[in-house]
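Have a look at the structure, then follow the questions below.

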Amino acid sequence: MTAAVDGALLPPGPSEPCDFDRLEDRLGCMRRLFEDWGDVVRVRSPQRGADTWVISRPDLVKRILVSNHRNYTKGAGIERVRVLLGNGIMTSEGELWRRQRRMIQPAFQRGAIEGFLRLMTDAALAAADQWRAHAASGRSLNLSRQVSLSTLDVVLRALFGDDLERLCDAAGANPFELVSEDRARDLQFAVKFRALGSRVMELVERRRREDRHPPDLLGLLMQARDRGDGRPMPDRLLVDEVLTLVVAGHETTAAALTWTWYLLARHPQWLRRIRAEAQALRPERGIGLDDLRPLAATGQVIREALRLYPPGWLYTRRAVAADRLGEYGVPPGTDLFLCVWLLHRHPDYWDDPGAFRPERFADGGEAARQRYAWIPFSAGPRHCVGEGFALAEMSIQVALLARDFDVELPPGEAEPGLEADVNLRPDRDIHLRVRHA
Ligand code: HEM
């Protein structure tokens with residue numbers, strides 16, 4: 001090892017350089033680095049002009065995301081995200097980020113989420129109608145497609161309420177559906193997606209003309225005022241934030257729900273446990289957050305799915321100034337890849353890490369041992385603002401569908417591969433056979 005900052009060590013790593021941007025299989029490469037070198041690996045990246053450290057150690061994750069977070073900005077790949085999302089809360093830094101976060105966060109607090117449970121429940125009941133039709137016909141269900149459309153519907157209705165219909169064209173087509181139809185997240189997609197910003201702006205202007213303030217997310221963002229200077233967010237940022245919430249709220253939740261159902265199809269005993277506890281739900285009367293809390297098996301299954309298949313499988317950060325990370329000294333400019341996939345399967349922190357064992361998340365279970373070994377929603381000030389929203393949506397979907405249906409993978413269906421791009425998704429659509437329970 002080489003001496004670095006203040007005589008501290010540099011992590012071990014291979015002597016040959018590596019350009020992660022050009023790698024086809026970044027996840028496989030990080031897995032091999034972990035096996036060969038351990039949970040903090042230094043990789044020389046000459047094209048970046050600084051080293052990249054691949055990190056999957058909870059104490060260092062805590063230092064980077066929480067205790068010394070001010071020393072770390074978002075890192076590699078953020079320029080690409082900025083092309084898609086503009087300068088909203090996901091990509092901004094410093095005072096601008098803090099201001100936007102303060103204004104957006106109230107829209108995701110408990111009381112606000114309660115207001116979205118009805119539309120989440122309606123989306124789950126609509127999904128149940130589709131599943132019923134498939135059960136009756138015996139045709140297998142394209143789970144990936146159904147989940148993608150359903151989660152898109154939830155986030156769009158939460159954002160635009162009854163105005164969603166007004167955003168559709170004369171033929172009733174929803175322009176935001178391209179988010180679900182188009183799997184690519186390249187420049188072409190970014191151009192098409194950014195064009196939707198003008199539709200959002202038209203809606204904002206119409207609401208202002210009509211002096212309407214519905215309690216949907218758009219309404220809450222339009223009403224938000226900075227607690228320091230009392231000013232609203234500028235229109236350009238308002239549009240960026242809306243587009244950010246569409247992307248951040250849709251693809252992650254869709255991936256997580258798809259993996260959850262895939263795992264339930266392989267572990268029907270857990271489906272039956274969820275079914276038993278879901279009998280207490282009365283969707284026709286409305287579901288509240290207090291009704292979700294007792295659903296222990298549902299919560300454990302969702303958390304275990306997020307451990308095994310975290311949609312955000314890699315968080316990138318860049319060191320602003322030198323810092324001490326455990327026994328290592330990180331020089332300024334170093335790229336840090338916090339590999340959530342490896343962290344969630346680290347054998348020092350998880351027993352039999354590849355096994356599906358939701359009971360890990362029972363009260364006092366092994367998941368409680370090391371707080372920063374499970375971070376599907378990140379941690380610290382930049383953790384996911386939509387965590388409560390996503391968990392409520394997923395719990396309602398899973399519980400209401402498990403109540404009425406058995407699921408299995410079609411015979412001969414091969415295990416899906418992993419597509420580790422912005423999010424971790426199955427590399428092809430997952431199909432299910434559904435039957436009435
Ligand atoms: C299972 C579903 C979800 C997962 C796994 C997830 C995961 C994450 C993660 C890991 C981050 C931090 C990324 C980083 O620091 O590099 C994040 C940030 C964020 N998420 Fe989520 N998310 C989910 C659902 C949602 C939903 C439903 C919304 C909103 C409707 C949302 C909105 C956001 C926003 C706005 C940020 C940026 C926060 C900031 O930088 O201050 N997410 N999410």
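**Helices side by side**

This is a predicted model, where local features need pLDDT of at least 70, side-chain atom pairs count only at pLDDT 80 or more, and totals for chains, interfaces and linings use all residues. Residues are numbered from 1 along each chain as its sequence is written, and side-chain values use heavy atoms, with hydrogens and water left out.

Q: How are H13 and H14 oriented to each other?
A: Helices here are DSSP runs (H or I, at least four residues), numbered from the N terminus. The axes, lines fitted to C-alpha atoms over the stretch in contact, come within 5 Å for H13 and H14 (residues 268-278) and cross at roughly 110°. Angles of 65 to 115 degrees count as roughly perpendicular, so H13 and H14 are roughly perpendicular.

Q: Which residues of H14 meet H13?
A: Contact means heavy atoms within 4.5 Å. On the H13 side you'll find Trp261, Leu264, Ala265 and Arg266. Their partners in H14 are Pro268, Trp270, Leu271 and Ile274.

Q: At roughly what angle do H13 and H18 cross?
A: H13 covers residues 235-266 and H18 covers residues 387-404. Their axes come within 11 Å, and the crossing angle is roughly 35°.

Q: How many of the 13 residues of H16 are buried?
A: Buried means under 20% relative accessible area (1.4 Å probe, protein chains only). What covers the buried residues of H16 includes H13, H14, H17 and H18. H16 is largely enclosed by the rest of the structure, because the buried count is 11 of the 13.

Notes. Axes fitted to C-alpha atoms, helices over the stretch in contact; angles between N-to-C directions. Helix = DSSP H or I, 4+ residues; strand = E, 2+ residues; numbered from the N terminus. Parallel < 35°, antiparallel > 145°, perpendicular 65-115°, else oblique. Buried < 20%, exposed > 50% of the residue type's maximum accessible area, 1.4 Å probe, protein only.
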